[in-house]
Amino acid sequence: MAESECIFCRIVNGDIPCARVYEDDAVLAFLDLGPMARGHTLVVPRKHCESLLDFPAEEAPALISALQKVGSAVMRAVGAQGFHVLQNNFPAAGQTVFHLHWHVIPRTEGDGMALWPQGSYREGEMAELAAAVAARM
Ligand code: 5GP
Ligand code: ZN
């Protein structure tokens, strides 16, 4: 997709308004217009890339620093006691905007949000699977 058609590039460039909460040289952070919880914020690298797989690793420290600032401020602003940092890669994982971004989602005790269903492995399956992943590094 051309960057001129990318909705988050357009927000970063100021062509489309956003409810900005933080910015620095590396990132812009603004409220998600379809919040999973009040204060749900998107942390978006200024430079266009589509998924985590094409994010330059040397930019990770600036990104982590921004996530810490945003997570802390959002939590305090909405009176939450915790927050998630989520990041979707590719449509199968729910990615709908193909400009890399991190979701910061505040959580409040007893808010009832359930997003962590857990399964289990049959005996021996964990070791097999771990070996299969390790072989692909
Ligand atoms: P994804 O599913 O790609 O991880 O998340 C995309 C997120 O971007 C969604 O939560 C959606 O609500 C949000 N979003 C999409 N378009 C806009 C927009 O124009 N402005 C804002 N503030 N959020 C957007
Ligand atoms: Zn973009």
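Tutor: Gladly! Let's begin with surface: accessible areas come from the Shrake-Rupley method with a 1.4 Å probe, and for residues only the protein chains shown count as cover. By that method the protein exposes about 8800 Å², with carbon and sulfur atoms supplying 57% of it. This is a predicted model, so local features need pLDDT of at least 70 and side-chain atom pairs count only at pLDDT 80 or more, while totals for chains, interfaces and linings use all residues. Residues are numbered from 1 along each chain as its sequence is written, chains are lettered from A and ligands numbered from 1 in the order in which they are written, and side-chain values use heavy atoms, leaving out hydrogens and water.

Student: Why is H103 called buried?

Tutor: Buried means under 20% relative accessible area, exposed means over 50%, and partly exposed lies in between (1.4 Å probe, protein chains only). H103 has a relative accessible area of 12%, so H103 counts as buried. Of the 137 residues of the protein, 34% count as buried.

Student: Where does H103 sit?

Tutor: H103 is in strand β5. Helices (H or I, at least four residues) and strands (E, at least two) are DSSP runs, numbered from the N terminus. The protein has three helices and five strands, in the order α-β-β-β-α-β-β-α from the N terminus on.

Student: What makes β5 mostly covered?

Tutor: Six of its six residues are buried. W102, V104 and P106 point one way from β5, while H103, I105 and R107 point the other way. In a regular strand the side chains alternate between the two faces of the sheet.

Student: How do you know that β4 and β5 pair?

Tutor: Two strands pair if DSSP finds at least two bridges between them. Strand β4 (residues 82–86) and β5 have five bridges, in the antiparallel sense, and F83 stands opposite P106 in β5. Strand β3 (residues 41–45) also pairs with β5 in the antiparallel sense, over three bridges; there, V104 is the bridge partner of T41.

Student: What makes the link between H103 and H40 a polar contact?

Tutor: A polar contact is a pair of N or O atoms within 3.5 Å; within protein, one must be able to donate a hydrogen and the other to accept it, and residues adjacent in sequence count only if both atoms are side-chain atoms. The side chains of H103 and H40 are joined at 2.8 Å, so this pair is inside the 3.5 Å limit.

Student: Which residues are closest to ligand 1?

Tutor: D32, G94, T96, H101 and H103 are the closest of the 16 residues that surround ligand 1; a residue counts as near if one of its heavy atoms lies within 4 Å. A polar side-chain atom of H103 is 2.8 Å from an oxygen atom of ligand 1, and a backbone N or O atom of V97 lies 2.9 Å from an oxygen atom of the ligand. The protein covers 82% of the 520 Å² of accessible area that ligand 1 has on its own.

Student: What makes a group of residues a nonpolar core?

Tutor: A nonpolar core is a set of buried Ala, Val, Leu, Ile, Met, Phe, Trp, Tyr and Cys residues joined through side-chain atoms within 4.5 Å. The largest one here has 14 residues, of which V43, L63, V70 and W102 touch the most other members. Its largest share, five residues, comes from α2.
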